[in-house]
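Reader: I am new to this structure and would like to learn how to read its features one at a time. Could you take me through some of them, giving the general idea and then the case at hand?

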Amino acid sequence: MGSGFTDGMTKTTHEKTTLVLGGTGKTGRRVAAGLTARGVPVRLGSRSADPPFDWENEATWEPALRNVGSVYVSYQPDLAVPGADDAIGSLTEIAVAGGVGRLVLLSGRGEEGAEVSEQLVQDSGAEWTILRSTWFAQNFSEDYLLEPVLGGEVALPAGNVREPFVDVDDIAEIAVAALTEDGHVGQLYELTGPRLLTFADAVNEISKATGREIGYVQVSPEEYAAVLKAHDVPADFVWLMNYLFTTVLDGRNAHLADGVQRALGREPRDFSDYARHTAATGVWDVENTRSA
Ligand SMILES: NC(=O)c1ccc[n+]([C@@H]2O[C@H](COP(=O)([O-])OP(=O)(O)OC[C@H]3O[C@@H](n4cnc5c(N)ncnc54)[C@H](OP(=O)(O)O)[C@@H]3O)[C@@H](O)[C@H]2O)c1
């Protein structure tokens, strides 16, 4: 793999700033930290950044892209939602016209809608890498599944379908490599963990790692949607959750892929490592949460 700092094209790209969209999110903040550790200038792209970047407001895109050489593209809320491909098409067009030479897209595995956006990035004229990722382990510690884990019961319409949860540390490491080295250009990496687990298995791993009783309860999609609505979750997000837990979780992703091995030359991190390390941070410690 090349260093990324040796050839003319890449050097120009790297001398400029890398815009990290979703830069405060689960993958983005790790990508930003990894780039900073390599001495790459980083600009965070999110609604709270300066300048702000908002997927819902195209007027914010050009200022965020000014003097940028590469972009890590993590879309919100999901490439499967209607209109995502229009946004990705417009963003890549504005980016490339403004001098962006490299795009690394975070995509969702098993989502037909996401593949339209993947193609737009591949056709953009910039160097590209696609990170087609399965469900993140960190949804249990940094997102909507944290609260149920703390509450001692995770109720989902997930059934017995097995999913090869991927660790976002692996995704971020690959993104940093793809943004700073030459060997990942033109690669579509399908990213999974090393093992298939049901959601009940995953919850059980967390239970073991924390030493706390945490149960998994199977509910119907309708029951799950009703709970989300009762918590005032916006209708778009309820639709997305239903799509993810029914269509994407229909067994289509119940096989391993070798993207992490191809990109990093090592095995992906296992869910049990994630659970052990995360338990040690105290984020699943109910007492810590109460005193916070
Ligand atoms: N979660 C998974 O299991 C999974 C699996 C495969 C693929 N993916 C894909 O990963 C991507 C990120 O999803 P995630 O769940 O991991 O979320 P995340 O990155 O943790 O989301 C939060 C980030 O998005 C920013 N953000 C939120 N709304 C925004 C908006 N309207 N405009 C600009 N930035 C916005 C937030 O910052 P501000 O609040 O400051 O704006 C924050 O930086 C999605 O495209 C998703 O499809 C997720």
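This is a predicted model: local features need pLDDT of at least 70, side-chain atom pairs count only at pLDDT 80 or more; totals for chains, interfaces and linings use all residues.

Reader: Which residues is Leu191 in contact with, leaving aside its neighbours within four places in sequence?

Author: Once those neighbours are left aside, the contacts of Leu191 are Leu131, Arg132, Ser133, Thr134, Val166, Ile171, Ile174, Gly259 and Val260. Separation along the chain and separation in space are two things to read side by side: Leu191 and Ala254 lie 63 residues apart in sequence, and their C-alpha atoms are 13 Å apart in space.

Reader: Is Asp258 buried or partly exposed?

Author: Asp258, in the loop between H11 and helix H12 (259-264), counts as partly exposed because its relative accessibility is 42%. Its C-alpha atom is separated by 30 Å from that of Thr17, a residue 241 places away along the chain.

Reader: What is the angle at which H4 and H5 pack?

Author: Helix H4 (residues 84-97) packs with helix H5 (residues 112-122) at an angle of about 10°, and their axes are 9 Å apart. An angle under 35 degrees counts as roughly parallel, and H4 and H5 are therefore described in that way. On the H4 side the contact is made by Ala84, Asp85, Ile88, Gly89 and Thr92, which meet Val116, Ser117, Leu120 and Val121 in H5. Sorted by class, this contact has 5 nonpolar, 3 polar and 1 charged residues.

Reader: How many aromatic pairs does the structure hold, and how are the rings of Phe165 and Phe271 placed?

Author: In general, a pair of aromatic rings is described by the distance of the centres and the angle of the planes. A search of the whole structure finds 16 aromatic pairs. For Phe165 and Phe271, the ring centres are 5.5 Å apart and the planes stand at 55°, so this pair is tilted. Phe165 lies in the loop between E6 and helix H8 (168-180), whereas Phe271 lies in helix H13 (residues 271-281), so the pair ties together parts that are 106 residues apart in sequence. Phe165 counts as buried at 3% relative accessibility, and Phe271 counts as buried at 2%. Another pair, Trp239 with Tyr243, is stacked, with 5.5 Å from centre to centre and 5° between the planes. Both of these residues lie in helix H11, 4 residues apart, or about one turn of the helix. Trp239 counts as partly exposed at 40% relative accessibility, while Tyr243 is buried at 15%.

Reader: Which residues do ring pairs link into a cluster?

Author: The cluster linked by ring pairs consists of Trp135, Phe140, Phe165, Phe199, Tyr224, Phe245, Phe271, Tyr274 and Trp284.

Methods
Residues are numbered from 1 along each chain as its sequence is written. Side-chain values use heavy atoms; hydrogens and water are left out. Axes are lines fitted to C-alpha atoms, for helices over the stretch in contact, and angles run from 0 to 180 degrees between N-to-C directions. Helices (H or I, at least four residues) and strands (E, at least two) are DSSP runs, numbered from the N terminus. Angles under 35 degrees count as roughly parallel, over 145 as roughly antiparallel, 65 to 115 as roughly perpendicular and the rest as oblique. Contact means heavy atoms within 4.5 Å. Ala, Val, Leu, Ile, Met, Phe, Trp, Tyr, Cys and Pro count as nonpolar, Asp, Glu, Lys and Arg as charged, and the others, Gly among them, as polar. Rings of Phe, Tyr and Trp (its six-membered ring) pair if their centres lie within 6.5 Å; planes under 30 degrees apart count as stacked, over 60 as edge-to-face and the rest as tilted. Buried means under 20% relative accessible area, exposed over 50%, partly exposed in between (1.4 Å probe, protein chains only).
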